[in-house]
Amino acid sequence: MKSIFKLLIGSLMIATALIGYIPEPELFVEFSCISNLAGGLLLIIDGILNLKGKAAPNVLYLNVCSGILLVFLVSMLSLTGAFKINLKGAFFFLHAINPIVFILCYIFFCNDKIQNIWKRLAVTPVFLLAYLLFDYILGNCRGYFVYGFSTPEQLSIGIAVITGIITYLIMCLFGFCIFSLNKLVHK
């Protein structure tokens with residue numbers, strides 16, 4: 001039953017990403033799209049593996065969880081009016097529903113038995129940091145970043161490294177919180 005649920009949720013995540021982004025394919029580079037597609041693909045692969053008595057590595061779940069939690073939190077912060085995020089139609093799922101459901105899948109369906117949490121947390125931010133590096137390179141090539149919070153001229157390599165370090169630490173904290181919830185459920 002767990003396998004079927006993963007397959008269905010994974011399919012829903014991919015379907016909502018495609019429904020939301022196909023009308024504007026140039027936006028496929030947004031982290032909301034990439035994280036939902038990655039989460040959906042991971043759930044589908046893990047669901048298939050579960051049918052065969054195997055499982056995907058939990059570190060992949062924790063990577064996507066921490067990234068997709070950021071999508072959810074930024075979307076909720078947008079409700080303050082400080083900035084705008086699309087929460088209409090498929091984007092409501094991509095920004096609000098899918099992140100919660102994906103994190104709950106990890107918390108309830110993955111029994112993360114790792115003994116040394118620090119090794120796991122050290123690699124938890126890799127997914128988001130890889131995206132930020134991709135955005136930095138893409139932004140320098142085309143003259144603007146995906147979300148437009150700054151320009152390539154404003155973001156020197158030094159500031160980018162400092163931003164990366166701060167992001168790394170925040171994502172480790174996100175990973176620790178999500179991992180702790182997993183451990184609490186599987187006590």
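Helix H7 gives the most to the lining of the largest pocket, with nine residues. The model is predicted, so local features need pLDDT of at least 70 and side-chain atom pairs count only at pLDDT 80 or more, while totals for chains, interfaces and linings use all residues. Residues are numbered from 1 along each chain as its sequence is written, and side-chain values use heavy atoms, with hydrogens and water left out. Helices (H or I, at least four residues) are DSSP runs, numbered from the N terminus.

**The largest pocket**

- The largest pocket has a volume of about 1,200 Å³, a volume being the space filled by probe spheres set on grid points joined across faces, edges and corners.
- A pocket is an open set of points on a 1 Å grid over the protein atoms alone, where a 1.4 Å probe fits, with protein on both sides within 12 Å along at least five of seven lines; lining residues have an atom within 4 Å of a point.
- The lining of the largest pocket comprises 43 residues, of which Tyr-131, Leu-132, Asp-135, Tyr-147 and Phe-149 lie nearest its centre.
- At least two lining residues come from each of H2, H3 (58-77), H4 (90-109), H6 and H7 (157-185).
- By class, this lining has 29 nonpolar, nine polar and five charged residues (Ala, Val, Leu, Ile, Met, Phe, Trp, Tyr, Cys and Pro count as nonpolar, Asp, Glu, Lys and Arg as charged, and the others, Gly among them, as polar).

**H3 with H7**

- H3 and H7 pack at about 105°, with their axes 9 Å apart; axes are lines fitted to C-alpha atoms over the stretch in contact, and angles run from 0 to 180 degrees between N-to-C directions.
- H3 is therefore roughly perpendicular to H7 (65 to 115 degrees; under 35 is roughly parallel, over 145 roughly antiparallel and the rest oblique).
- The contact of H3 with H7 has nine nonpolar, three polar and no charged residues.

**H2 with its partners**

- The axes of H1 (residues 2-21) and H2 come within 7 Å and cross at roughly 155°, which makes H1 roughly antiparallel to H2.
- The crossing of H1 and H2 is left-handed (the near helix is turned anticlockwise from the far one by less than a right angle; clockwise is right-handed).
- The axes of H2 (residues 31-51) and H6 (residues 126-142) come within 12 Å and cross at roughly 140°, so H2 and H6 are oblique to each other.
- H2 and H6 form a right-handed crossing.
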